[in-house]
Structures are given as structure tokens and as C-alpha cells.
Amino acid sequence: MSPENSNTEILLTTRGALTRPTVSTLAHRGLTDLERTEEADRWLEMASEHSSRDCDALMAVLDSNKINFRTKKGRKPLDTWSESTEHRANMSAYIDCLLRAAAAKPDYAKPQIEIAAAYLKGWGVEESRDEALRLLRAAASLATPDDLCEMSHQIEYEVAGSDPWPEGMREAETWYRRAAEQGYATGQFNLGEMYSKGEGGLQKNYELAKFWFSKAAEGGDFPPTEYALRAYWDEQQSKSK
Amino acid sequence: MPHQIVKKLTPEEEELAAKREELARLEAQLADQELLLASLKAELAAFEGLYLRRVGVLYAELDEWNARLAELRAEQAGTPEAKTEAAEARTQAEEAYSAAHGEAAEVQPLTSSPELKKLYREAAKRVHPDTATDEADRARRERLMKEVNAAYATGDEDALRRILAGLDTSPDAVQGSGIGADLIRVLRQLKQIRDRIAAIELEVTRLSETDLAHLKAKAEAAANEGRDLLAEMASRVEVRVNALREKVDATLEEARK
């Protein structure tokens, strides 16, 4: 080391605390968390200044960040990663953003639905169907037909390949029905499907299934033949039994 | 004006006089730059102390609960992966604890008075290693510069005065012999000082780009709006600490059943 450099070194380490790696890690964590919060604040500001269309943009950004949170150190396979300490910390930060979004826009259902979904998956919060259902019920009064379908979809997703959840499915049925009655094709199709399978506390009813499938086909971009055929096929099967 | 006897300078002497003037200017500039750097470091270290005491400790607490949870899970699951994760979480908790409760957290804000700054600038000018004339002199100056910086960092005006008083009687005050030797020495000093000024500029830039400096700038901007940024950060980490603590309690409760 040349004398010039050695002198620089002396001045640098006079208050050597500045260069200790673990201390700078704490500063880095603080700054990273702060920048996330600031970003959430910017979205919230954007959202509160404008209509709910911009809130959708907010949710889209939050959603893409959720993916970032999930895959940031992402070379690990997702199943290992989703169990890791870092994933849990990231998801807590994500939930923090959502809670603040929900507080800033109390008349806007999407953040609440996302929080409920996090409760179902145990992302950043303790897994709890009861808490998820409570949040979804609270969000239902604010929900658009699209939101209602998303809420029901979350419940169906939770039930798929897991324990049955009659209470949740009954709510999903009422939410699909509300969307369907407002002329929303996704709701109509899903309600039709519930009738065809006898889900959500409904009796199997192929006439009603067919009715809602055809409604969905008229109003939405669902290809009509597939669903109509399925209902017809189900009906034939039941007759042959 | 009465007649004055002016000794006519030789070209070498003129050159030497001009270079000495330049040296004096650069020495003053160097002292200013050293003061700037020392102040920046002192401010950052003070902010770091504050940050660690108010926010860093909470991150350490978060890591502690996280480690406990990972250990509980490892106990329950007993798999090698769970044990590895628990060990990693424990290491992180220990590192965070020693960082948040270490020496760096004890640094208090420095109130640097104009007198302290003046003394520092003077001392830096007088003892700076880059004005050294030979290796032995450099070693002595490096030691003194270290003392000067330490005295500034703790705001110790008396120590600076003692260092300055000691300089007047040191052999350093004796000038070398021969104009040629003097000129070479001055030229070497000029180069050393220019190099050091450039190095300080680099170091100031580097320090200004650290995470800590960014945090400090944000805290200052928030303070101008009447907000206490560190308190806001602390409360957000606290929420996470509480959530994690509840989770640990629930896991313990479950294990008892």
C-alpha cells in the first residue's frame, strides 16, 4: 500500500463504525422498508386524487410488487422460497402496504379482498379462514360485480384440493349471484357452474345451469358452445342414471 | 516611503517563493476539505447512533422473534431444512443485536462550535501527513492527524489546543537546507496535497451515496415538513415485532396442547 493510500485509510477508519458491515445492513433494511412505504404512499396519493380506475392501477402495482416480494431472491424454487424467513418478511411488508391502502380508501373493496386472500394463504399473516371470511363479508357491500367474482374465486381456489368449506362456498354462491343478477357474465357463468355441480349449498339444477350459461354466452365473451354443451352433457348423464 | 533595501531574488528563489505561496493556498484548501470530510463523518456517525437506538434495536428485536419462531418450528418439524433455517435466523438475530447495541449506537450528536472548526482547520493544516517532507515525518504526522480527527469527533477543543501547542516546539518547525532541496520538498508537498484533496472528494461522494446518508437526507426532508421520520419507521417495525411475538406465543400455546 502506498503512503497516500495508507493515509486515506487512517482518516477513513477514525470513526470506523461507519464501515462496519452489520451496521450498514441495518441501515440498508431501514432504507429498503422506507422506500417501499414511500412507493405505497405515491400510489395511494395517485389513487386518492382520482377515481377508482386509478385504484385499479394501484392494485396492479401492488400486485406486481407482491410478485417482486415473492421472487426477489428468487433463484430458489418457489416452494422453498415461500417458506423462507425472507419471504415472510416481504409478505409482511406487502400486507403493510395493503392495510394502508385499505385505510386510505375505505370505500374501495380491492385491498380488503387482497388482505382476505393473504389470510387464506397465510402470506404475511396467520392463516385464518374465519378472518378471511369476515373481511370478505365486510368488502361485499362495497364490491363491484368484478370484485364479487374475485371474492368468490378466492374461496373456490381455497377449497380446491383442500378441506371443504361449506360456509365459504355458500357466501361465494351469493356473491356470484349478485354479480350475475347485475348482468355480469363471469358471475352468470360461475353461478351456472355451481348449479351444474350442486355447489355452494345449491341443489343440482341443470335447467338453471343452462339458463345462466346461456346468459353468460349472450352477454360475455365466453364461447357459448363449450358451456352449453357441458350443461347438456351433464343433463344427459343424470337422465341416464 | 523610505528607501528599502530589497534583495534581488535569484530565479530559483523566485520560483521557490511562488511555489510556497501556492503551497500555503493549497494547505488552507486542504484543511477546509478535511474539515468538510470530518464534519460529514461526524454527522453520519451521530445519525447512525440515533438510527440504531431508535430503529435498529427494533430490527434486532424483529430478528430475535423471527429466530425464536424458526427454532420452535425446527423443534416441531425436526427436519434438517428447518434446523438450517433456524440456525440462519439465529445468526442473523445475533448479528443484528450486536450491530444495534454496539459501539456505533453510542455515538451522540456532535455540536461543532465555530471555535472547534477553527481549531480543527488550523491543526489539520499544520500536521497534515501530506505536507510531510520524509517518511519519518509522515509517520509522526499520521499519528498526529489521527489524534486531531479523534479530538474533532468527540468535540474536544482542549485536545486540539494541546496538539497545536506541542507543534511549535517540535523539530518539524526547522526548515531544511539549500534552495534546491527546499524546492524539491515544496513540489513534493504540492503533489501530495493535490492527491489528498482529490481523494477527499471521492470519499465525500462515496459517503454521500451510502444507505445511511440517504436515510439521513430523508429524515432531514421529513423534519422540514414537521415529521419525525425515525419515529414513523420505528412504529412500522414495531407493528411487525408485535405480530411476530403473537405468532410465537400462539405457536408455543399450540405446542403445549
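Mentor: Helices (H or I, at least four residues) and strands (E, at least two) are DSSP runs, numbered from the N terminus. This is a predicted model, in which local features need pLDDT of at least 70, side-chain atom pairs count only at pLDDT 80 or more, and totals for chains, interfaces and linings use all residues. Residues are numbered from 1 along each chain as its sequence is written, while chains are lettered from A and ligands numbered from 1 in the order in which they are written.

Trainee: How many helices and strands does chain B have?

Mentor: Along its sequence, chain B reads α-α-α-α-α-α-α-α. The count for chain B is 8 helices and 0 strands.

Trainee: On which residue is the kink in helix 1 of chain B centred?

Mentor: Helix 1 of chain B spans residues 11-77, and Gly78(B), with a positive phi near 70°, follows it. A bend is the angle between axes fitted to the seven residues ending at a residue and the seven starting there. The kink is about 50° and is centred on Leu52(B).

Trainee: Are helix 8 and helix 9 of chain A roughly parallel or antiparallel?

Mentor: Axes are lines fitted to C-alpha atoms, for helices over the stretch in contact, with angles from 0 to 180 degrees between N-to-C directions. The axes of helix 8 (residues 145-159) and helix 9 (residues 166-181) of chain A come within 8 Å and cross at roughly 155°. Angles under 35 degrees count as roughly parallel, over 145 as roughly antiparallel, 65 to 115 as roughly perpendicular and the rest as oblique. Helix 8 and helix 9 of chain A are therefore roughly antiparallel.

Trainee: What percentage of the 257 residues in chain B is buried?

Mentor: A residue is buried if 20 or more other C-beta atoms, placed from the backbone, lie within 10 Å of its own, exposed if 12 or fewer, and partly exposed in between. For chain B, the buried share is 32%.
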